[in-house]
Amino acid sequence: MGKFLRKNLIIHIKDDMHILLTRPLEDSHDLILRFQKLGHEVSHMPLIKIEKKNYENLNFSDYKGIIFTSSNSIKFLDSKLIDKKINCFCVGNATEKKARSDGFLNVYSAEGNVRNLKELILQNFNTFDGKLLYVSGEILSANLDQELISEGYIIKRIINYVAKPIEKINKSFIEKLKLKMPEIVFIYSQNSAINFLNIIKYYQLVDLWMNTNLMCLGEKTSNVLNEIKWKKIFLFSPGEEEFLLYKI
């Protein structure tokens, strides 16, 4: 049994589980290493690829706050023209880490979900403080910009990346997966869930997940995969992945 320390509690975790991660490698690398350190076997099958999208020229000095709901939105932003002292609101720890590595100084983190991010902005940025810039991908899990506008904020949203589905998986990977199906699979978005369903249907894997625990980032994501028979379905927020293992 492995041990995981959280809030002064030692939680025993089953060793040697097979875990399937599905985010792009850049977003999965740290988690792969952490799971392997705990003694687990980790397979990686990315479901989407992230591509840069050109956005309009902006006068960044017009904005007094900037919002990031993904580290990708920072990665594909030309941030050298932005005052790094600007109030920077991030959806979670990974995004905060990326923002700080890019030089942003006044960074607030909502620890993983858009609902908390909205509350964080409401508490730390007033409507009269100035305009907000919201940098995001094409697909949103929530209409944060519209919700903030309804609260009286002036906000500009730009889209600087798109997520495209990966449709073909290496056949040898699929064969290895059939021989040893994972005890856990993590799915991080509704878009990823749709592509995951398409892939397992294409490769005739639909009936092989009865002993697998499905971990989904939100109910909308899990709903896509309800037609598959899972051992159990869990909902989680980013950063809770390791803690979830004790439930298995």
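Predicted model: local features only at pLDDT ≥ 70, side-chain atom pairs only at ≥ 80, totals over all residues.
I found five of them in an open sheet, ordered β4-β3-β11-β12-β13, with parallel pairing. The edges are β4 (41–44) and β13 (232–235), each of which pairs on one side only. From one strand to the next, I get an average twist of 20°.

**One pair up close.** Next I looked at β3 (residues 18–21), which runs parallel to β11 and is joined to it by two bridges. Here Leu20 stands opposite Val185 of β11.

**The core.** Then I asked which residues touch the most other members of the largest nonpolar core. They are Ile187, Phe196, Trp209, Leu225 and Trp230, out of 24 residues in that core. I noted that α6 (171–179), β11 (184–187), α7 (190–202) and β12 (213–216) each give two or more residues to this core. The largest share is that of α7, with five residues. I also found another core apart from this one, with 17 residues, including Leu77, Ile82, Ile86 and Val107.

**Phe196.** I listed its contacts, leaving out neighbours within four places in sequence: Leu20, Met45, Leu47, Val185, Ile187, Trp209, Leu225 and Trp230.

**Leu25.** Last, I checked a residue in helix α1 (residues 25–37). Is Leu25 buried, partly exposed or exposed? Leu25 is partly exposed, because its relative accessibility is 49% and the exposed class starts over 50%. Beyond four places in sequence, Leu25 is in contact with Ile32 and His44. I also took the C-alpha separation of Leu25 and Lys49: 9.6 Å, for residues 24 apart along the chain.

Definitions and conventions
Residues numbered from 1 in each chain as written. Heavy atoms only, no water. Core = buried A, V, L, I, M, F, W, Y, C linked by side-chain atoms within 4.5 Å. Buried < 20%, exposed > 50% of the residue type's maximum accessible area, 1.4 Å probe, protein only. Helix = DSSP H or I, 4+ residues; strand = E, 2+ residues; numbered from the N terminus. Contact = heavy atoms within 4.5 Å. Pairing = 2+ DSSP bridges. Axes fitted to C-alpha atoms, helices over the stretch in contact; angles between N-to-C directions.
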